[in-house]
Amino acid sequence: MTKRLLAVAFGVFSLFAGVANAKLAVFSCEPEWGSLLAELGGDKLDVDVGTSALQDVHVIEAKPSLIAKMRRADLVVCSGADLEIGWLPQLVHQSGNPKVASGAGSFMAADQITTLEKPTQLDRANGDVHPGGNPHFQMDPNRVLIIAKALDARLAELDPPNAGLYQQRLADFSTRWTAAIARWSAKAAPLKGRKVVVHRNSWIYRTDWLGMHEIGSLEPKPGVPPTSAHLASLIDTTKSQNTLAIIRAAYQDPKPADWLAERTGVPAVTLPLTVGGDAQSKDLFGLYDSTIDKLLGAVK
Ligand SMILES: [Zn+2]
């Protein structure tokens, strides 16, 4: 090969390397933000999702495979509000990647919205209470839209050449999402005012949005596994209030909800909680379709 050919070959190689490098590498802590990133960035982003719907995202092991993914990230996108306090700081630290430690490379969804259940005083005796408020806001479509706008601005900031494209994709997502909110609200009308018992306090944004009421939790305190004495104490309340369902997430042990369902005749319903939690929840839209359909399925 001549020197000239070599130079051309090298040039072509660098061109491809340049294109590959141009993709923004994003580490998403949870599947719901992975889905949102796909909506906003499409193939301009290279997204790694660190956890699945079948895991309890409060307790994830900082495995070497996750550290490797964190090391190559330009941006980390997580729920925040200390949901990932048990593993994310360790992951960021061990990756040695300064880009995602703070500043533009660190996007915490909780910082873009107001959270519910922000504790007025912090006491570990109250269980696994998050100081930043309840971090399970992916269940509220209005907050998801606010987060989408903020995340889109962040993508444009980190990847200016594609800013126009991100803007266009956000506009498209907003249109489809707003139409879906209207559709979901109308469809979910029969759920208004209905009461549910929850396995854990992960559903407050959903019940709040749909005008539903949580009347009990299988966990005596958040993060404290159900005890037989506590479950027994829920039988009367669950029976007497025309309760719609006992709700648990896909990753949770089904036994406590089944136990209460058997003794009260109130159905136990497994909801996905995030993208990938069931066959229908392939993306954010499917997640909302599925959770509403499954709750409606319990209406007699
Ligand atoms: Zn929690």
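Biologist: What volume does the largest cavity have?
Modeller: Keep in mind that this is a predicted model. Counting cavities of 30 Å³ or more, the structure holds 1. The volume of the largest cavity is about 160 Å³.

Biologist: Which residues lie closest to the centre of the largest cavity?
Modeller: By class, its lining has 7 nonpolar, 9 polar and 3 charged residues. The lining is made up of 19 residues. Those closest to the centre are Glu30, Val57, Gln138, Leu273 and Thr274.

Biologist: How many nonpolar residues does the contact of H5 with H6 have?
Modeller: On the H5 side, the residues include Val144, Leu145, Ala148 and Leu155, and on the H6 side they include Leu170, Phe173, Trp177 and Ile181. By class, the contact of H5 with H6 has 4 polar residues, 2 charged and, for your question, 12 nonpolar.

Biologist: And H2, at what angle does it pack with H6?
Modeller: H2 covers residues 31-41, and its axis is 7 Å from that of H6. Leu36, Ala38, Glu39, Leu40 and Gly41 of H2 make the contact with H6 residues, among them Tyr166, Arg169 and Phe173. The residues divide into 7 nonpolar, 1 polar and 3 charged.

Biologist: Phe173 and Trp177 are both in H6; by about how much of the helix are they separated?
Modeller: Phe173 and Trp177 are 4 residues apart in H6. So their separation is about one helical turn.

Biologist: Are the rings of Phe173 and Trp177 stacked or edge-to-face?
Modeller: The count of aromatic pairs comes to 10. For Phe173 and Trp177, the ring centres are 5.3 Å apart and the planes sit at 25 degrees. Planes under 30 degrees apart count as stacked, so this pair is stacked.

Key: Residues are numbered from 1 along each chain as its sequence is written. This is a predicted model: local features need pLDDT of at least 70, side-chain atom pairs count only at pLDDT 80 or more; totals for chains, interfaces and linings use all residues. Side-chain values use heavy atoms; hydrogens and water are left out. Contact means heavy atoms within 4.5 Å. Helices (H or I, at least four residues) and strands (E, at least two) are DSSP runs, numbered from the N terminus. Ala, Val, Leu, Ile, Met, Phe, Trp, Tyr, Cys and Pro count as nonpolar, Asp, Glu, Lys and Arg as charged, and the others, Gly among them, as polar. On a 1 Å grid over the protein atoms alone, a cavity is a set of points where a 1.4 Å probe fits but cannot get out, and a pocket is an open set with protein on both sides within 12 Å along at least five of seven lines; lining residues have an atom within 4 Å of a point. Grid points are joined across faces, edges and corners, and a volume is the space filled by probe spheres set on the points. Rings of Phe, Tyr and Trp (its six-membered ring) pair if their centres lie within 6.5 Å; planes under 30 degrees apart count as stacked, over 60 as edge-to-face and the rest as tilted. Axes are lines fitted to C-alpha atoms, for helices over the stretch in contact, and angles run from 0 to 180 degrees between N-to-C directions.
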